[in-house]
Amino acid sequence: MTNSRLNFAKTAPKAFKALIGFDAAARAGLDPALVELVQIRASQLNRCAYCLHMHTSDARKAGESEERLHMVAVWREAGHFFSEKERAALALTEAVTLIHDGGVPDDVYAAALEEFGEEELAQLLALIFTINTWNRIAITTAKVPGTDERVAR
């Protein structure tokens with residue numbers, strides 16, 4: 001079956017390039033392993049198979065263990081696999097991604113602020129915003145998992 005939906009990158013190149021720039025700016029200064037964990041968790045919550053495949057593949061290439069990748073979906077129950085900072089990032093990722101469920105609780109925000117500080121927290125929030133946008137683009141345009149069209153980063 002061929003995808004009859006539009007190719008966002010080709011159809012809206014200025015918006016796509018702006019999002020690429022925002023994504024690059026968001027991840028600047030953040031730990032690459034943390035970036036992938038956040039992107040994986042948001043993609044799981046949004047049920048974006050395309051992005052989930054992409055970011056688990058990227059995490060593996062960056063040296064992430066299969067064990068930790070398998071635990072991302074149940075990170076609260078398997079917290080010992082993740083640092084305090086990673087747990088704070090995953091909690092914030094869930095709160096922002098599922099913002100319709102009551103917003104971002106004060107305790108989640110406070111824990112993230114304590115672990116990251118204001119500047120790094122702003123970067124983390126930008127990262128969460130971008131992955132949620134990418135998820136929505138991939139789902140809406142019916143991107144097929146395993147067909148990563150990016151050029152090497």
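Is glutamate 64 buried or exposed? In this predicted model, in which residues are numbered from 1 along each chain as its sequence is written, local features need pLDDT of at least 70, side-chain atom pairs count only at pLDDT 80 or more, and totals for chains, interfaces and linings use all residues. Side-chain values use heavy atoms, with hydrogens and water left out. Glutamate 64 has a relative accessible area of 15% and is therefore buried (buried is under 20% relative accessible area, exposed over 50%, partly exposed in between, with a 1.4 Å probe and protein chains only).

The chain contains seven helices and zero strands, helices (H or I, at least four residues) and strands (E, at least two) being DSSP runs numbered from the N terminus. The order along the sequence is α-α-α-α-α-α-α. The C-alpha trace spans about 45 × 30 × 30 Å along its principal axes. The radius of gyration of the chain is 15 Å, which agrees with the value near 15 Å for a compact globule of 153 residues; the radius is taken over C-alpha atoms, and the globule rule is 2.2 Å times the number of residues to the power 0.38.

Of the 153 residues in the chain, 39% are buried. Among contacts (heavy atoms within 4.5 Å) with a separation of 6 or more, 69% join residues 24 or more positions apart. The accessible surface of the chain is about 8,600 Å², and carbon and sulfur atoms contribute 59% of it. The chain carries 17 positive and 21 negative side chains, and the centres of the two sets are 12 Å apart. Here Lys and Arg count as positive and Asp and Glu as negative, while His and the chain ends are not counted; each charge is placed at NZ of Lys, CZ of Arg, CG of Asp or CD of Glu.

An unreviewed UniProt entry lists residues 13–94 as "domain: Carboxymuconolactone decarboxylase-like". UniProt positions are given in the numbering used here, feature names are shortened, and annotations may be inferred rather than shown by experiment. Over residues 13–94 the chain is 73% helix and 0% strand, with 30 Å between the end C-alpha atoms.

Glutamate 64 is placed in the loop between helix H4 (49–61) and helix H5 (66–71). Not counting residues up to four places away in sequence, glutamate 64 touches Ala33, Leu37, Ala59 and Leu69. Alanine 59 belongs to helix H4 and is buried, at a relative accessible area of 3%. Leaving aside neighbours within four places in sequence, the contacts of alanine 59 are Glu36, Ile40, Glu64 and Leu69. Alanine 59 and glutamate 115 are 56 residues apart in sequence, and their C-alpha atoms are 22 Å apart.

Positive phi values are found at two further sites, described in turn. Arginine 47, a residue other than glycine, has phi near 60°. This arginine 47 is in the loop between helix H3 (32–46) and H4, and its relative accessibility of 73% makes it exposed. Alanine 142, also a residue other than glycine, has phi near 55°. Alanine 142 follows helix H7 (106–140), in the segment after it, and counts as partly exposed because its relative accessibility is 31%.

Terms used: Accessible areas come from the Shrake-Rupley method with a 1.4 Å probe; for residues, only the protein chains shown count as cover.
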